There are 2 protein chains.
Amino acid sequence: MAEEKQTLRETDDDARALARRLVRSARHAAIAVLEAGTGFPLASRVLTGADVDGVPVILISALAPHMAALRADPRASLLFGEAGKGDPLAHARITVRVEAREVEKGGEIHARIRRRFLARHPKAALYADFPDFAFFRMVPISASLNGGFGRAYLIEAADLLIDTPALAALAEREEGTVRHMNEDHGDALDAYARAFGKAKKTGWRLCGIDAAGLDLANGDELLRIEFQHVLRDSGELRPLLVDLARQAREIID
Amino acid sequence: MAEEKQTLRETDDDARALARRLVRSARHAAIAVLEAGTGFPLASRVLTGADVDGVPVILISALAPHMAALRADPRASLLFGEAGKGDPLAHARITVRVEAREVEKGGEIHARIRRRFLARHPKAALYADFPDFAFFRMVPISASLNGGFGRAYLIEAADLLIDTPALAALAEREEGTVRHMNEDHGDALDAYARAFGKAKKTGWRLCGIDAAGLDLANGDELLRIEFQHVLRDSGELRPLLVDLARQAREIID
């Protein structure tokens, strides 16, 4: 059981990779905020996405109590990782302590975050532009990973972030590359999903690219494929995608 | 989407029944607490059970930050209701604001809560008696139900509680009746599960009885069957179980 022994383990690369996978492959999270006025701790469910630097993103309404909460006190935490079948405490999950920063409407950052979020959650297009809705970047401060069965680790904020000089150039190329891959290379996307994500179905579409990996979607499923290394230059992307397709086909065959 | 329109609806009996079902059929919840010392809002996952009066119960370790949090400030909230497949915001969930009260070890209340919790979560027997573990009754203050797609309701604490003079007498009979049903009436339990819970599999065992309903378990699945009326006298239980079995067989045939 997860709480049998909560003594912390030494954080290793496997723990860091698991932490990133939990955050980056999530479609939703439980959020804890401080209720405006009372400071009461409130838990609720939010859809989640990610900005190009790995910072989790949420889209919420001013009519929901967590918006007022975050505007009054930006401290929050996000619990990622689903309980799934079987023992709920056997499944890995991570609590990320964050500082919430509202994304100003109209700017380039808002456009990038909106585009990425809607690619991941197409149905959110129905309300994303309502005047009472806003995006928040949930900037990590630190995190507690529970790998299940008492495997507890502290994770540093830096381990969840993507830090490279290629961020801006990749963000600029993202939309075009995503469209190109979806239009012309659906077979490669299915090969990625099968080889690197153990996916059984086909029909995957790309919904996001950043310097650390790819986000694939299939209906309501999301699959995160992490690169072996974080890209340092946007020029590395195209040859990497080609090489990954080659590797994927070798694994499958 | 759940947050498209958060204007509250008038709370009706369907909303109250859904609220009770979400809380009482849960095996786990996300808990929001105030970190001891800092007041930072922390979200984490806990196993949940229920006391005979409908008050949610959790079992946690002093090594986990939520124990220190609750001992320093008893305010917390529990988010019940799984996201499941499809749109995470289309699934009903409820945030219950609670005051956490630690259950003193050694008394009758502790024995009752422990017995019911372990019947629901047999694997928790591995650590429930460790000295650093404790049960907390999470006494509801109020709740916010989100029925999915903007169907938001306020739920009063009383709507989640089971208030009847039969509580003590039923609690006393519970263990014997549960054993008897599991030993001699597995066919009736399967009929309840199929007729009232739309269960497809067989092999259900009873893990709890209270004045408002039955808790059935099958491996890691939990099924809550609510009675039509809350029992006012423990003598009503036996004829009700017989009558439910008759009704269930009529529905199935």
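Start with helix 3 of chain B, where six residues are named as buried: His110(B), Ile113(B), Arg116(B), Phe117(B), Leu118(B) and Arg120(B). This helix covers residues 108-120. It has 13 residues and reaches 19 Å from its first C-alpha to its last. At 1.5 Å a residue, 18 Å would be expected, so the helix is close to that value. Keep in mind that this is a predicted model.

How far can the prediction be trusted? The predictor gives the complex an ipTM of 0.93 and a pTM of 0.94. Chain A averages a pLDDT of 94, and 98% of its residues score at least 70. Over residues 1-5 of chain A, however, the pLDDT is below 50. Beyond near neighbours in sequence, that stretch has 23 contacts in the model. Where pLDDT is low, the predicted coordinates should not be read in detail.

Now compare the two chains. Two copies of a chain are related by a rotation about an axis and a shift along it.

Next, look at a sheet in chain A. Three strands form an open sheet in the order 8-9-10, with antiparallel pairing. Strand 8 (205-210) and strand 10 (221-226) of chain A are the edge strands, and each pairs on one side only. Neighbouring strands are turned by 20 degrees against each other on average, direction ignored. Strands of a sheet pair through backbone hydrogen bonds, either parallel or antiparallel. Strand 8 of chain A is joined to strand 9 (residues 213-218) of chain A by five bridges. In one of the pairings, Leu206(A) has Leu216(A) in strand 9 as its bridge partner.

Chain B has an open sheet of three strands too, in the order 8-9-10 and with antiparallel pairing. Its edge strands are strand 8 (205-210) and strand 10 (221-226) of chain B. The twist averages 20 degrees from one strand to the next. How many bridges pair strand 9 of chain B with strand 10 of chain B? There are six, in the antiparallel sense. Leu216(B) has Leu223(B) in strand 10 of chain B as its bridge partner. Helix 5 (residues 186-197) of chain B packs on this sheet and touches strand 8, strand 9 and strand 10 of chain B. The helix direction makes about 75 degrees with that of strand 10 of chain B. Strand 9 and strand 10 of chain B also form a hairpin, with two residues between the strands. In this hairpin, Gly219(B) takes a positive phi near 60 degrees.

Finish with a loop in chain A. Ala158(A) sits between strand 7 (152-156) and helix 4 (167-184) of chain A. Is Ala158(A) buried or exposed? With a relative accessible area of 54%, Ala158(A) is exposed, because the cut-off for exposed is over 50%. Ala158(A) and Gly54(A) are 104 residues apart in sequence. In space, C-alpha to C-alpha, Ala158(A) and Gly54(A) are 9.8 Å apart.

Note on methods
Residues numbered from 1 in each chain as written. Chains lettered and ligands numbered in written order. Predicted model: local features only at pLDDT ≥ 70, side-chain atom pairs only at ≥ 80, totals over all residues. Heavy atoms only, no water. Pairing = 2+ DSSP bridges. Helix = DSSP H or I, 4+ residues; strand = E, 2+ residues; numbered from the N terminus. Axes fitted to C-alpha atoms, helices over the stretch in contact; angles between N-to-C directions. Buried < 20%, exposed > 50% of the residue type's maximum accessible area, 1.4 Å probe, protein only. pLDDT = per-residue confidence, 0-100. Contact = heavy atoms within 4.5 Å.
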